[in-house]
Amino acid sequence: MRLSIAAIAGGLAAAQAWENTSPFLVFSTSSKFKPLQDAPKEQLQAASTLLSTAKSFIESCPSDFYYIIEQPKLSPLDFHPDAMPHLLRESTSPAIKIKYSVSDVVGLKNGEGGAFKSILDFIQASCSNVQVRNWEAFDGEDIAEGLKSGEKTALYLKFDSNELSLAKGRREHQVRANDARIDSMLRNTMAQGADYTVIYISTPLNGTVKEEAMVYEAEFDSQAHIDLKRSIQARVPKETPNKDHRPLFEKYQFLTPGIFMGLITVIIMFIIISVGISAVSSLQVSYSAFDKENGPAAQKKQ
């Protein structure tokens with residue numbers, strides 16, 4: 001009994017921790033990152049442990065471009081290939097040299113003192129000659145200028161904290177739209193031959209994602225009218241102006257040439273068959289004709 005109570009308590013604690021967690025992802029095309037042998041392998045980590053690990057990776061400033069993305073109110077259940085096909089596919093491409101992800105991070109916050117602000121400030125402090133720019137205001141010409149000058153660029157993108165709905169169907173559509181937006185911006189700002197690092201940060205979902213109720217709303221045409229009145233007046237046949245008053249045998253032809261020829265043929269065939277049958281039935285042969293011997297034996301007796 002004690003064992004079952006302990007198991008239930010452990011399950012409740014795990015479920016509560018799962019509800020207050022959010023995913024984290026970082027990947028890069030640079031091979032100058034610190035090796036991952038010392039990185040924690042647990043998929044349930046505290047925010048302080050995760051930030052310490054992430055900062056140890058980027059303190060050497062190995063990339064020319066940094067893409068820092070913050071998605072508030074994201075659940076670990078939203079972090080799968082069906083909802084985020086572009087970002088997760090990009091993280092597994094052959095050009096990626098290093099990837100580190102944690103599905104459940106406890107305590108990630110947004111705003112001042114949050115993980116997004118902490119990593120962005122760390123990049124500015126650790127990497128000399130780095131430009132921090134709004135990703136949406138950045139274009140291809142800025143990439144070329146940054147590569148020529150040798151400056152490092154940190155591009156940030158923050159999604160609205162109230163954007164994601166708690167309704168499951170609408171939420172999946174919003175997450176997929178944000179993923180497509182990230183993919184489009186990555187393609188527009190990626191420079192050929194330049195190393196880049198993508199840091200995807202999310203904050204926990206405060207609530208429960210619910211299935212949308214299917215509500216059927218009947219639609220009626222307001223212009224459609226159903227007449228249920230019945231006429232009680234006796235129906236009087238209408239007189240046609242050109243009515244034919246001829247007798248029946250003058251109006252219709254009952255004996256056509258085809259019918260007439262068919263009747264004549266049947267009558268003739270009936271007469272022929274009747275005569276033949278009567279002729280065959282009138283034949284009479286006596287029994288003595290069968291007893292009289294007319295063969296060679298009868299001639300010898302004579």
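Me: Happy to have you here! In this predicted model, how many contacts beyond four places in sequence do residues 224–230 have?
Reply: Let's start with confidence: pLDDT stays under 50 over residues 224–230.

Me: Good to know! What is the mean pLDDT of the chain?
Reply: A pLDDT of 70 or more is reached by 70% of the residues. Averaged over the chain, pLDDT is 77.

Me: Now to the fold. How many helices and strands does the chain have, and in what order do the strands of the sheet lie?
Reply: The secondary structure comprises 10 helices and seven strands. Seven strands build an open sheet with mixed pairing. Reading across that sheet, the order is β2-β4-β1-β7-β3-β6-β5.

Me: Which are the edge strands?
Reply: An edge strand pairs on one side only. In the sheet order, β2 and β5 stand at the two ends. The edge strands are therefore β2 (44–46) and β5 (130–134).

Me: Let's zoom in on β3 and β7. How do they run, and which residue is the bridge partner of Tyr67?
Reply: Strands of a sheet pair through backbone hydrogen bonds, either parallel or antiparallel. Here β3 (residues 65–71) and β7 (residues 196–202) run parallel, joined by seven bridges. Across in β7, Tyr67 has as its bridge partner Val198.

Me: On to charges! How many salt bridges are there, and which residue meets Glu70 in one?
Reply: The count of salt bridges is four. One of them links distant parts of the chain, with its two residues 88 apart: Glu70 lies in strand β3 and its partner in strand β6 (residues 152–158). The N to O distance is 3.7 Å, and the partner of Glu70 is Lys158.

Me: Are Glu70 and Lys158 buried or exposed, or something in between?
Reply: The cut-off for buried is under 20% relative accessible area. Glu70 has 1%, so Glu70 is buried. Lys158 has 45%, which lies between the 20% and 50% limits, so Lys158 is partly exposed.

Me: Where does the salt bridge of Lys117 and Asp121 lie?
Reply: The side chains of Lys117 and Asp121 come to 2.7 Å, N to O. Lys117, at 30% relative accessible area, is partly exposed, and Asp121, at 32%, is partly exposed too. The two residues are four apart, about one turn of the helix, and the helix is α4 (residues 115–126).

Me: One more pair: Arg187 and Asp183 meet in a salt bridge. Why does Arg187 count as exposed?
Reply: Arg187 and Asp183 sit four residues apart in helix α6 (residues 168–189), with 3.1 Å from N to O. Asp183 counts as buried because its relative accessibility is 12%. Exposed calls for over 50%, and Arg187 qualifies because its relative accessibility is 56%.

Note on methods: Residues numbered from 1 in each chain as written. Predicted model: local features only at pLDDT ≥ 70, side-chain atom pairs only at ≥ 80, totals over all residues. Heavy atoms only, no water. pLDDT = per-residue confidence, 0-100. Contact = heavy atoms within 4.5 Å. Buried < 20%, exposed > 50% of the residue type's maximum accessible area, 1.4 Å probe, protein only.
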